[in-house]
Amino acid sequence: MYTVIQNVFLCASSFISSSVLCPLNVDPTFDIIPSSLFAGHKIVLPRLPVDTGLKKIPDAAHPFKAPGPTDQRGPCPALNTLANHGYIPRTGIASFEQILNGTGEGFNMARDLAGFLAGFAMLARGNAFEDLLSIGGEDHRVPPLPGQIDGPGRPGGIAKHGRFEGDVSMTRQDAALGDDRHFQDSLFDQFLAYIGHFGDNSPVTGNYSLVNLKVMQEFKWERFLDDQSRDPKLSFHAGRIGSSYNEAAFILKFFANGTDETLSIPSLGSIFRNQTFAPNWWRRASPGDVALILATASDVLSAHPVQPGQNAPNLTYITDPPYVGPCNAAYFYLAVLNLPYTYTTLINHSTGLFAENVKTLLGVVAGAFNCTVIPPAGPVGT
């Protein structure tokens, strides 16, 4: 079930930053903070939930409230919806533990999948010392990392293009083409057109009103073709291919109503357009894990296989050479070539709280891929 997504390949040597060979002058004790303003927060995996069955969402304790002017929202409709209902903080500034608990309660997401998504996002765009992540953009409530380990500024939040957010989204534009953070009605209308052409029928919501695998296969292919034909900076290496097709799998498996496992246009529009759970919506009857998402993503990709690569400025798509590195290409690209090499300096030379938190998160991310931890070797401040 892993073969299609996990065996998409890239050439590792062509992406490792030269900064690995010529490292910055990093103080190996930089997780010892001289300021008393930031004491740090130890990241601890919360207890596994006991209640993991079918459940109506939201409950009375989690009513919808529109975000206020200082509340962060970003490119992930699931996190936006959870924040609007208070399953994670309504501010949109959340800890690793809060995201695990919120995705588990709201969507019945299994620990391995939630851990990977939250752990990678925290390492890529959050503050792992303070255990804080913005689900939107940069925010003053998420301070810069100790010792400027990833540059002098604050973490960009998951809306910042590159490490976490990337090209060929279903309802956001590529960063080089427009707005990659906010929901795009025009792209959602294209999505609806594909449902109208390939979707299943429902006695409740009508003919061609249910999202199925065929809809996802054809719409994702169209999104790739469109972006490849227009985006001179298109980046679609192994990690991003995995993330992009996992997005389609996530929608199919987590946005569907748990009572009959169907995803109707009204339910889809409620989460995407209004960022709220649809009336009489029930979460999955069993936890959805990494294996489920990878298998579904592989099914989506199998109809129109896409090789990892990137566009040249003249819009020629250049595929990556076969990957010959350890474990699998998606993990190597995301966690090794994507995360700053200064994390490696930290965990190799320090025993403080920051180093322990980074080790915890790296272990969670690697575990989701059944890999051993490979120290990050990516560039700083990107």
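Helix α6 (residues 213-230) and helix α9 (residues 290-302) have axes that come within 8 Å and cross at roughly 60 degrees. The model is a predicted one.

**Crossing of α6 and α9**

- The crossing in which α6 passes α9 is right-handed.
- On the α6 side, the contact is made by Leu 213, Met 216, Gln 217 and Lys 220.
- On the α9 side, Asp 299, Val 300 and Ser 302 make the contact.
- Sorted by class, the contact of α6 with α9 holds three nonpolar, two polar and two charged residues.

**Crossing of α5 and α6**

- Helix α5 (residues 185-198) also packs on α6: the two axes come within 9 Å and cross at roughly 140 degrees.
- Roughly antiparallel would require an angle over 145 degrees, and α5 and α6 are therefore oblique to each other.
- α5 passes α6 in a right-handed crossing.
- From α5, the residues in contact are Leu 187, Gln 190, Phe 191, Tyr 194, Ile 195 and Phe 198.
- They meet Lys 214, Val 215, Met 216, Glu 218, Phe 219, Glu 222 and Arg 223 in α6.
- Eight nonpolar, one polar and four charged residues make up the contact of α5 with α6.
- Met 216 of α6 takes part in the contact with α9 and also in the contact with α5.

**Overall fold**

- The chain contains twelve helices and eight strands.
- Its radius of gyration is 20 Å, close to the 21 Å that the globule rule gives for 382 residues, so the chain is as compact as a globular protein of that length.
- The C-alpha trace spans about 65 × 50 × 35 Å along the principal axes of the chain.

**Sheet β3-β4-β6**

- Strands of a sheet pair through backbone hydrogen bonds, in a parallel or an antiparallel sense.
- Three strands in the order β3-β4-β6 make an open sheet, and their pairing is antiparallel.
- Its edge strands are β3 (200-202) and β6 (263-264), each of which pairs on one side only.
- β3 runs antiparallel to strand β4 (residues 206-211), and two bridges join them.
- In this pair, Asp 200 stands opposite Leu 210 in β4.
- β3 and β4 form a hairpin, with three residues between the two strands.
- β4 is also joined to β6 by two bridges, again in the antiparallel sense.
- Val 211 has Leu 263 in β6 as its bridge partner.

**Sheet β5-β7-β8**

- Another open sheet consists of three strands in the order β5-β7-β8, with antiparallel pairing.
- β5 (235-236) and β8 (317-319) are the edge strands, each pairing on one side only.
- The pairing of β5 with strand β7 (residues 309-311) is antiparallel and extends over two bridges.
- Ser 235 stands opposite Gln 310 in β7.

Terms used. Residues numbered from 1 in each chain as written. Predicted model: local features only at pLDDT ≥ 70, side-chain atom pairs only at ≥ 80, totals over all residues. Heavy atoms only, no water. Pairing = 2+ DSSP bridges. Helix = DSSP H or I, 4+ residues; strand = E, 2+ residues; numbered from the N terminus. Axes fitted to C-alpha atoms, helices over the stretch in contact; angles between N-to-C directions. Left-handed = near helix turned anticlockwise from the far one by under 90°. Contact = heavy atoms within 4.5 Å. Nonpolar A, V, L, I, M, F, W, Y, C, P; charged D, E, K, R; others polar. Rg over C-alpha atoms; globule rule 2.2 N^0.38 Å. Parallel < 35°, antiparallel > 145°, perpendicular 65-115°, else oblique.
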